[in-house]
Amino acid sequence: MMTLLVFGVISGSLLLAFGITNTSIAVGATKAALQAQARTAINWIIKDVRQTSSSQINNNTPAGDYIKFKVVTGHDGMNATWSLDAIEYSYDEDIDTLTRTDHNTGKTFQFADIAEPPFDVSTLAENYLTITITMRKQAIGTISPEVSLSSEVKFRNG
């Protein structure tokens, strides 16, 4: 009888350890995937924003969930020349997506699992934009890990 009790305790402990390991692996894998997605999103936004100016963003009523701007396509010796149409980033909190629309090419791309509006436009007057990409996704059960990356982008074009 004592042997069965000891065997039951050991078996229960092993099952508990396996369950904890499974949860840990799922959460770790989800966090790693979120971090890669956040890095991709923030790098893409930084690349676009570095090709514009604070006045281009300010001319299009920016908000924490929305920016729109034209990018520099060249220089005529005196002034920058701007693209004909704009690039637009729009955050939709209902479906946790950030959509990038390039009106020059007509192409659209969505970044999923974005948990919060990414733009701090209060710094535009100081000639930079703060971007914070916060991503959240359900890993297992009710566990939803979160990853956040931030960057301040200084405008190259005034």
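Predicted model: local features only at pLDDT ≥ 70, side-chain atom pairs only at ≥ 80, totals over all residues.

Q: How many bridges join strand 7 to strand 8?
A: There are 2 bridges, and the strands run antiparallel. Phenylalanine 119 has isoleucine 131 as its bridge partner in strand 8. For aspartate 120, the bridge partner is threonine 130.

Q: And how many between strand 8 and strand 9?
A: 9 bridges join them, again in an antiparallel run. One example is leucine 129, whose bridge partner in strand 9 is valine 153.

Q: Why is strand 8 called largely enclosed?
A: Because 7 of its 9 residues are buried. The cut-off for buried is under 20% relative accessible area.

Q: What about the chain overall, how many helices and strands?
A: The chain has 2 helices and 9 strands. Along the sequence, the pattern is α-α-β-β-β-β-β-β-β-β-β. Of the 158 residues, 34% are buried.

Q: New topic. How many salt bridges are there in the whole structure?
A: A search finds 3 salt bridges.

Q: Which residues form a network of them?
A: Lys47, Asp48 and Arg100 are linked that way. Lysine 47 pairs with aspartate 48, with the closest N and O atoms 3.4 Å apart. Aspartate 48 also meets arginine 100, at 2.7 Å from N to O.

Q: Is aspartate 48 buried or exposed?
A: Buried, at 1% relative accessibility. Arginine 100 is buried too, with a relative accessible area of 8%. Lysine 47 counts as partly exposed, at 45%.

Q: Which side chains meet at 2.5 Å, N to O?
A: Those of glutamate 146 and arginine 136, in a salt bridge. Glutamate 146 lies in strand 9 and arginine 136 in strand 8, so the pair ties together parts 10 residues apart in sequence.

Q: How accessible is glutamate 146?
A: Glutamate 146 is partly exposed, at 38% relative accessibility. Arginine 136 is partly exposed as well, with a relative accessible area of 36%.

Q: Which residues form the negative surface patch?
A: Asp65, Asp92, Glu93, Asp94 and Asp96. Aspartate 96 lies in the loop between strand 4 (87-92) and strand 5 (97-102). Its relative accessibility is 33%, so aspartate 96 counts as partly exposed.

Q: Back to helix 1. Where does serine 24 lie?
A: In helix 1 itself, which covers residues 2-49. Serine 24 is partly exposed, with a relative accessible area of 48%.

Q: Last one. What is the phi of threonine 61?
A: Threonine 61 has a positive phi of about 50°, although it is not a glycine. It sits in the loop between helix 2 (54-58) and strand 1 (66-69). At 63% relative accessibility, threonine 61 counts as exposed. Aspartate 113 also has a positive phi, about 65°, and is not a glycine. Aspartate 113 is found in the loop between strand 6 (107-111) and strand 7.

Definitions and conventions
Residues numbered from 1 in each chain as written. Heavy atoms only, no water. Pairing = 2+ DSSP bridges. Helix = DSSP H or I, 4+ residues; strand = E, 2+ residues; numbered from the N terminus. Patch = residues over 30% accessible without salt bridge, like charges linked within 9 Å, V, L, I, M, F, W, Y side chains within 5 Å. Areas by Shrake-Rupley, 256 points an atom, 1.4 Å probe, with all protein chains shown as cover. Salt bridge = Lys/Arg side-chain N within 4 Å of Asp/Glu carboxyl O. Lys, Arg positive; Asp, Glu negative; His and termini not counted. Charge placed at Lys NZ, Arg CZ, Asp CG, Glu CD. Buried < 20%, exposed > 50% of the residue type's maximum accessible area, 1.4 Å probe, protein only.
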